[in-house]
There are 2 protein chains.
Amino acid sequence: MKKLFEESLQEVLAQSASAAPTPGGGSVSAIAGAFGAAMVAMVGNLTVGKEKYKDVEPEVKELLAQSNQLMKELEELVQADIDAFNNYMDVFKMAKNTEEEKALRAEALQKAAIAATDVPLRIGEATIKGLQVAQKMAALGNKVAISDVGVGAYLGEAALKGALLSVDINIPVIKDQAYVEKAVAKRDELIAEAEALRSKAVEVVKERI
Amino acid sequence: MKKLFEESLQEVLAQSASAAPTPGGGSVSAIAGAFGAAMVAMVGNLTVGKEKYKDVEPEVKELLAQSNQLMKELEELVQADIDAFNNYMDVFKMAKNTEEEKALRAEALQKAAIAATDVPLRIGEATIKGLQVAQKMAALGNKVAISDVGVGAYLGEAALKGALLSVDINIPVIKDQAYVEKAVAKRDELIAEAEALRSKAVEVVKERI
């Protein structure tokens, strides 16, 4: 089977819109995050090699490398999200006739719910890195395209908030209260950080437009 | 040449990240808006035909049709954004040796700047329609996937705000002050409306998770 990123954009959109279980909200959020990182990378590519931005070139090159790395990471996280979701679906199909089967299924369900919570948290962490890069690029990147860093920041924040809705869905299933508390705290921390980073990045972008 | 939506997702991301002039921020914002509409459509597709949601099926079918329509509209707007940008670049290459050439170029530049402002405003109007549909779907769609309406709302808002940064870039070039005032008022109105709609949609989603 073709991997999702090898499908045409049109096909990926059609699959997203269909009743097919994947790609779901976590994956689509990660794709949006990858587009956000791509915008920051574009501004990097339009800055490197320009005489006017020679002084900041080493730093911009580093930010560009981080954006490219992040795009790869988000692509992997899309696959991780799809895998976690498919695994969840498999668990639902497990037999529950005997007490032993019921116990095995309940245990597998807990593991699947935790995995399906971990992946969006990792998408959140990845997009935070993207927003940190966007904030720095906003100040250093080529003014000619600086608005596109703002696009990257808006998409990063939306990707993070969208992905983290999957945390909200999964935690009611999870019995390990210590894990739930940690996940909720992480979710809230990531959201607050994303809002602050996007706000700063867009502010700098608007000053430089 | 292959159309952008026929390229693989990987290729579209690579083109977005490259120094190539298109797709730029307006186009990528519209793509994100299309993914947002796809999420709302997915929830529609997971609602239609389900016994539990039989009472709301006619309304959900209508919302689903609107989401599908919006995805097409945003695809067209991506192309319009690319065309407007390429046209802008062509104008910059126009000769400016004689007074007549200078006058022709200046006039073409004004038209190009207005076109490059109109397209993001149309992307904004399209994503507002998407957010209106998301808000309604949040209340009616299948609870099992309702968080994905939230993903759609976050992406719609980000798409709108990202696209409208292109208004900020172009208005300093435009001499027609009546147009500028109208464009700025429209931009501010769309942003306020998007925030209100996303906020309401996500609120309903969170209540139903």
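**Two chains, one shared surface**

Of the interface residues of chain B, 100% are also interface residues in chain A, so the copies meet through the same surface; contact here means heavy atoms within 4.5 Å. This is a predicted model, in which local features need pLDDT of at least 70 and side-chain atom pairs count only at pLDDT 80 or more, while totals for chains, interfaces and linings use all residues. Residues are numbered from 1 along each chain as its sequence is written, chains are lettered from A in the order in which they are written, and side-chain values use heavy atoms, with hydrogens and water left out.

Now the interface itself. In it, 45 residues of chain B are in contact with 45 residues of chain A. The two chains bury about 4000 Å² between them, with 77% of this on carbon and sulfur atoms; buried area is the accessible area (1.4 Å probe) that two parts lose on being put together, summed over both. The elements giving two or more residues to chain B's side are α1, α2, α3 (57-92) and α5 (147-170) of chain B, where helices are DSSP runs (H or I, at least four residues) numbered from the N terminus. How many salt bridges are there between chain B and chain A? The count is 0, a salt bridge being a side-chain nitrogen of Lys or Arg within 4 Å of a carboxyl oxygen of Asp or Glu.

Over all chains, however, a search of the whole structure finds 24 salt bridges. One of the pairs is K61(B) with E57(B), at 3.6 Å from N to O. These two residues are 4 residues apart in helix α3 of chain B, and are therefore separated by about one helical turn. E57(B) is buried at 18% relative accessible area, whereas K61(B) is partly exposed at 45%; buried means under 20%, exposed over 50%, and partly exposed in between (1.4 Å probe, protein chains only).

A further salt bridge joins the side chains of E73(B) and K129(B), at 3.0 Å from N to O. E73(B) lies in helix α3 and K129(B) in helix α4 (residues 99-140) of chain B, so this pair ties together parts 56 residues apart in sequence. E73(B) is partly exposed at 21% relative accessibility, and K129(B) is partly exposed at 38%. In chain A, E157(A), K161(A), E195(A) and R198(A) are linked in a network of salt bridges.

Two local points remain. P23(A) lies in the loop between α1 (9-17) and α2 (25-45) of chain A.

Finally, I209(A) lies in the segment after α6 (177-208) of chain A and is partly exposed at 34% relative accessibility. Leaving aside residues up to four places away in sequence, I209(A) touches I146(A) and S147(A), as well as L165(B), D168(B) and I169(B).
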